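Please walk through the model below with an eye on ring geometry, backbone torsions and helix packing.

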Amino acid sequence: MYPDRVVSGMRPTGALHLGHYHGALKNWVRLQSELPCLFFVADWHALTTHYDDPSMIETSTWDMLIDWLAAGVDPSQATLFIQSKVPEHAELHLLLSMATPLGWLERVPTYKDQQEKLTDRDLATYGFLGYPLLQAADVLIYRASQVPVGDDQVPHIEMMREIARRFNHLYGKEKGFEEKAQEAVKKLGSKRAKLYNELRTEFQQRGSEDALGQAKAMLDDAQNLSMIDRERLFGFLEGSRKLILSEPQALLTEASRLPGLDGQKMSKSYGNAIALREDKDVVSKKVRTMPTDPARVRRTDPGDPDKCPVWQFHLVYSDDATRQWVGKGCRSAGIGCLECKQPVIDAIIREQEPMHERAQQYLDDPSLVRAIVADGCDHARKLAQDTMRDVREAMGLSYS
């Protein structure tokens, strides 16, 4: 019904590191050449946990944008923007809150999980409770078809789908909808109209997902339909009404296999991270001082790569031949830990060299980043305003 579109964002809460690159940014770089993508800095989301000290948000915002560009996110292929510069996000969040049951927010798994983990922060605020709803508005306002997420974020996407479904049920009312839908069916032509009605019956009476898929594909290919007729037929097909907000799908992404320097999850707060644009001497020092298998007290002691955090880096950065060399040398004490670490150091520095090169032009001239974001905000806002016109009209708030 609506064009395929990918939407994703990150909170500006600190410097990006290699965990962010391998967990998200590499995937963004791949997606931008496959589908229209919108990537945004979620600065309002940063306030949900840092509302008492927002001093770092602006600096982190611009640093993060440079990190994205350094990682290979291309503004000629993807739209980059800042959430708070598109105020329609906040408007849709407010309007969705009018009809979203409180229990839906309270049951989001990460709500209680984050409260238990972030015990040093007062999270008994509406902003924190409502952040999944703001997250839903961030995606639904662009009628995104796909949202790249890890397994832990799938419940958020499911809630977005429920919110869109509820909104369409409540507000997708159009006077004479069924009659208008029947008129739109006729515009398909007799052959396609007959097939559409058969597939619609097959889906609604027997729940055939295959029939639903075939009908949707047929509507996507129908060139003679206006956008409004296409909307009506999608809604009529599924037994609902006019589809104002589309339901996004979770695009599952592989979690980063790169741990922190100590084997835990890589995090700036743990002090175990390598920044995305780390100085090469710092990279070398950090990796050389990484803990290794505790059994290797002396150079002559054999070790077990599976018990060493450095091995996890080899799994990401080294080829098969290097990994075989490391495994054999560690278990036989044929190589020392510093020898084992050197290929990792070389690989990280090699990976970061083009990042430093890409970033330098934006560090030399920050106005380039501002210009990219200004263009991105303009484009994002036009898309958001198109959705909001439909939302306002559906909710009886169009006063033109």
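**Rings, charges, torsions and a helix pair**

F167 and Y171 are four residues apart in helix 9 (residues 154-171), so about one helical turn separates them; helices (H or I, at least four residues) and strands (E, at least two) are DSSP runs numbered from the N terminus. The model is a predicted one, in which local features need pLDDT of at least 70 and side-chain atom pairs count only at pLDDT 80 or more, while totals for chains, interfaces and linings use all residues. Residues are numbered from 1 along each chain as its sequence is written, and side-chain values use heavy atoms, with hydrogens and water left out.

F167 is buried, with a relative accessible area of 3%, whereas Y171 is partly exposed at 21%. Buried means under 20% relative accessible area, exposed over 50%, and partly exposed in between (1.4 Å probe, protein chains only).

A search of the whole structure finds seven aromatic pairs. Rings of Phe, Tyr and Trp (its six-membered ring) pair if their centres lie within 6.5 Å; planes under 30 degrees apart count as stacked, over 60 as edge-to-face and the rest as tilted. The rings of W28 and F39 have centres 4.1 Å apart and planes at 0°, so this pair is stacked. It links distant parts of the chain, with W28 in helix 1 (residues 18-31) and F39 in strand 2 (residues 37-41), 11 residues apart. Both W28 and F39 are buried. F167 and Y171 form a tilted pair, 4.8 Å centre to centre with 50° between the planes. W28, F39 and W68 form one aromatic cluster.

Charges also sit over rings, meaning that NZ of Lys or CZ of Arg is within 6 Å of the ring centre and within 35 degrees of the ring normal. R200 lies over the face of F236, at 3.6 Å from the ring centre. The charged end of R370 is over the ring of W62, 3.8 Å from its centre.

Next, the backbone. Most residues other than glycine have a negative phi. R143 has a positive phi of about 50°, and A333 one of about 60°. R143 is in the loop between helix 8 (131-140) and strand 4 (146-149), and counts as buried at 8% relative accessibility. A333 is in the loop between helix 16 (320-331) and helix 17 (337-364), and is buried at 13%.
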